[in-house]
Amino acid sequence: MKKNRTVKLDESTVDMLARCISVLKPPPEMTLSQWADAYRVLSAESSAEPGRWHTDKAPYQREIMDAIGDARTRRVVIMCAAQLGKTELLLNILAYFMAYNPAPILVMQPTLDMGQTFSKDRLAPMIRDTPALRGLVDVKSRYSGNTIMKKNFPGGHVTIVGANSAAGLASRPIKVLLADEVDRYPESAGSEGDPLSLAQKRQTTFWDKKTVMVSTPVLKGYSRIETEFNQSTREEWNVPCPICGHLQPLAWANVVFDSSDPTIDPTYRCERCGKESGEYAWKAQGINGKFVAENPDAETRGFHLNTLASTFCGWKEIVQKFLVAKEQMDQGNPEGMKVWVNTELGETWEERGDTVEDVELFNRREIYDAEVPDGVIALTAGVDVQDDRFEVEVVGWGIGKENWGIRYQKIYGDLLKEQVWQDLDNFLLTGFQKKDGTTLHILSTCIDSGGHFTDAVYRFTKDRIDRRVWAVKGKGGQDVPFIRNPSTNNRTKTPLFILGVDAGKALLYQRLRHSTKGPNYCHFPENEEAGYDAAYFKGLTSEKMVVRFKKGRSVIVWELKDSSFKRNEPLDLRNYAMAALEIANPVLTNAEPGVQKVHRGRRVVSGGI
């Protein structure tokens, strides 16, 4: 039997084996922010303080970077103001996926020119000055395949494209997509379609793909980054109060400044204790800050930041920019304020609403060939409750929500007595005739319960739920949805719908501005008995949407165009009739007269209208 033999290695061999093992050993586990702190070097061309990167100087970036580096997170959205170190953040991501976690990367800028500028002015200096990257990219050899817009490295490559270039979006697969300033992308890359969708198609072969979208938002309703952010975890940066320690977001409404002397340092008032502290005290608390999620169960991580958190910009400068923009806006030029809201608050700008002229609508009245035109498929009604009368509008709805005013009716009486309520009920039971003899009845009705007769409205509607007669109450605010599920938290337990009246008015004014007959167009009858006189149109167009500032924050409000004319019942009634349509949710087609309706808070389907 052979004996085991012990092999003795000389010192040089042991040293060589140790070096081999160290090379083959996997790198230590590091988060993205830890890697940046250990290896990233800031270049003189892009930083006032070149040298080693320190995340603690911009602590709000730590959680964002670590979310991007987390293998479990597939999608990250960053909606932010300017001057928050966004570009350096993107460069940290690039460096991490080049040196530590190699992958094919696509960087998409709004235009090809912006992509070239990013490569020359930001990426190239970072590769030059960061030792961990310097040896990865061969920038000297003519055979390396490296160009301004493409950098090869072991395990991957960085390709830079413009969102306006279809050719740049149609080549090889990529694992990591960094989409910068997405709100400035064109609607289509040439004739190929949405550039962001085209880029994401290139990720399909990777199960562990990563998408990062970053942008300063632009216009509300047209902002891609806001849409993506709203579907994410919606995380806001919070810092503790220097005095009481209460964790809170830095909101512009709580900044205290002297508008008559912008050279005075602004302070910030704590939302809980009400005490004011200076900028330095608040920013020193950033090291203890964290992001707080509004929608924590979402798969996409979404982060929002305004400039108040920035360690690169002072509050005094933000205030001075605000005062200049406000003065311009007071003079009728909103562009400066639009830029300020986008770049300082990191919020979308909602354009000032156009007014609708009553004379124009009055002059386009038409003669119907019957009480109800042929295009009408369903009728709804809105009821406004006054001290001495009801005002009612019946509206007909057709395909594409093309609509026809049918009747504007005033029903007078003492609302403390039963008779006028019976008169209202009789009117709501009235049938309206089409040319072929068909009779249509009101499908759904909304009655305002916000006046002096709230309990009476509740009792009236509770007895008529099966006829889809609903109590409603208006609520202002640009963030209040037009329709949401009803509550029965009232004395009679009747379903009560809270209507976002501002959203309803905005939708109505969009429809009133339609000038071509068809979907969403508003028709009005000329025959006198229908009730659509000059006073009706003046009331229908009595308000305008404007931008106002409350506590320094821009808000959208509806105001009377003429303070001497306050009869806006026609506007409210059309809002209620629109809400009645949305609640009943009929199938507005000629082919299928079914209707979805809400019955005691539950949607059911009935066979016909």
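Predicted model: local features only at pLDDT ≥ 70, side-chain atom pairs only at ≥ 80, totals over all residues.
Residues are numbered from 1 along each chain as its sequence is written, and side-chain values use heavy atoms, with hydrogens and water left out.

Helices (H or I, at least four residues) and strands (E, at least two) are DSSP runs, numbered from the N terminus. The axes of helix H3 (residues 60-69) and helix H4 (residues 86-99) come within 11 Å and cross at roughly 35°; such axes are lines fitted to C-alpha atoms, for helices over the stretch in contact, with angles from 0 to 180 degrees between N-to-C directions. On the H3 side, the contact (heavy atoms within 4.5 Å) is made by Gln61, Ile64, Met65, Ile68 and Gly69. Helix H4 contributes Lys86, Leu89, Asn92, Ile93, Tyr96 and Phe97.

Salt bridges come next. With a side-chain nitrogen of Lys or Arg required to lie within 4 Å of a carboxyl oxygen of Asp or Glu, the count comes to 35. In one of them, arginine 75 pairs with glutamate 228, the closest N and O atoms being 3.2 Å apart. This pair links distant parts of the chain, 153 residues apart: arginine 75 lies in strand E3 (residues 75-80) and glutamate 228 in helix H8 (residues 224-230). Arginine 75 is partly exposed at 22% relative accessible area, whereas glutamate 228 is buried at 10% (buried means under 20%, exposed over 50%, partly exposed in between, with a 1.4 Å probe and protein chains only).
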